[in-house]
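Biologist: Could you take me through a few parts of this structure?

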Amino acid sequence: SLSCTNENSFRQLVLGMRMLIPFEHAACLMQHRTGSGPIAGFDFINISYPAEWTQQYARNNYHLIDPIFRQNFSTFSLQYWKNTYRQHPPPKQFVRDAEDVGLRQGYTIGLSSRAGTEGSLFSFGGNTLPEESRIEVIMRHLTPHLHEAFLRVLRRDETNQHRAAPLSPREREVLSWVKEGKSTW
């Protein structure tokens, strides 16, 4: 995630997660606020969600009725879609529309920035994405890195002056040992 310098490298990072999580579709969204005030806007990177769904979602303002969306930006906790739907049932048409494009099962997780001015949403789904503790552990560990990479890519696009932080000689040495499979000793 530290090497993400643009939207394409971010897309490759997320798609590379398929080696760990068996998802078919992924999308990332960053919500921006002005301080603790109202929502100032969103940035959206569609990694592999069906375009038909993202257009329908925006056109029908599904974010207003989608319990996954609302829950994410209120708690920023990991959600398995079926569990959230059980607790907060969405309209049946919403569920049918999602299932029609292959979004039957999935996970969503996000993170809020320390200042509370940005909040992320990372959504992974497909026809079959099982509820497994292994997947949940992976997602909880990867989310902070995804969130920071997403922010860097968005800020780079805003300023067009991003430079990756150089590694010190010691950091390079530690990385080379980690690459060789060494532990903390």
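This is a predicted model: local features need pLDDT of at least 70, side-chain atom pairs count only at pLDDT 80 or more; totals for chains, interfaces and linings use all residues.

Biologist: Let us begin with strand E4. How many of its residues are buried?

Modeller: Strand E4, residues 105-109, is mostly covered, with five of its five residues buried.

Biologist: Which way do they point?

Modeller: Gln105, Tyr107 and Ile109 point one way from E4. Gly106 and Thr108 point the other way, and the residues on both sides are buried.

Biologist: Which strands pair with E4, and in what sense?

Modeller: Strand E3, residues 79-80, pairs with E4 in the antiparallel sense over two bridges. Strand E5, residues 118-126, also pairs with E4 in the antiparallel sense, over five bridges.

Biologist: Which residues are bridge partners there?

Modeller: Tyrosine 80 has tyrosine 107 of E4 as its bridge partner. For glutamine 105, the bridge partner in E5 is glycine 126.

Biologist: Staying with E5, is glutamate 118 buried or exposed?

Modeller: Glutamate 118, which lies in strand E5, counts as buried because its relative accessibility is 14%, and the cut-off for buried is under 20%.

Biologist: Which side chains make polar contacts with the side chain of glutamate 118?

Modeller: One is that of threonine 117, joined to the side chain of glutamate 118 by a polar contact of 3.3 Å. Another is that of arginine 155, where the polar contact is also 3.3 Å.

Biologist: What else is glutamate 118 in contact with?

Modeller: Leaving aside neighbours within four places in sequence, glutamate 118 is in contact with Met30, Gln31, His32, Leu111, Ser112, Ser113, Leu151 and Arg155.

Biologist: Now a change of topic: which residues of helix H2 are buried?

Modeller: In H2, residues 51-59, the buried residues are Trp53, Thr54, Gln56 and Tyr57. They are on the same side of H2, because they cover an arc of only 165 degrees around the axis.

Biologist: What covers the buried residues of H2?

Modeller: The elements that cover them include strand E2 (39-46), helix H3 (67-75) and helix H5 (92-100).

Biologist: And which exposed residues are on the face turned away from the buried side?

Modeller: That face of H2 carries Glu52, Ala58 and Arg59, which are exposed.

Biologist: What comes just after H2?

Modeller: Just after H2, asparagine 61 takes a positive phi of about 50 degrees.

Technical notes
Residues are numbered from 1 along each chain as its sequence is written. Side-chain values use heavy atoms; hydrogens and water are left out. Buried means under 20% relative accessible area, exposed over 50%, partly exposed in between (1.4 Å probe, protein chains only). Helices (H or I, at least four residues) and strands (E, at least two) are DSSP runs, numbered from the N terminus. Two strands pair if DSSP finds at least two bridges between them. A polar contact is a pair of N or O atoms within 3.5 Å; within protein, one must be able to donate a hydrogen and the other to accept it, and residues adjacent in sequence count only if both atoms are side-chain atoms. Contact means heavy atoms within 4.5 Å. The arc is that of the directions from the helix axis to the C-beta atoms.
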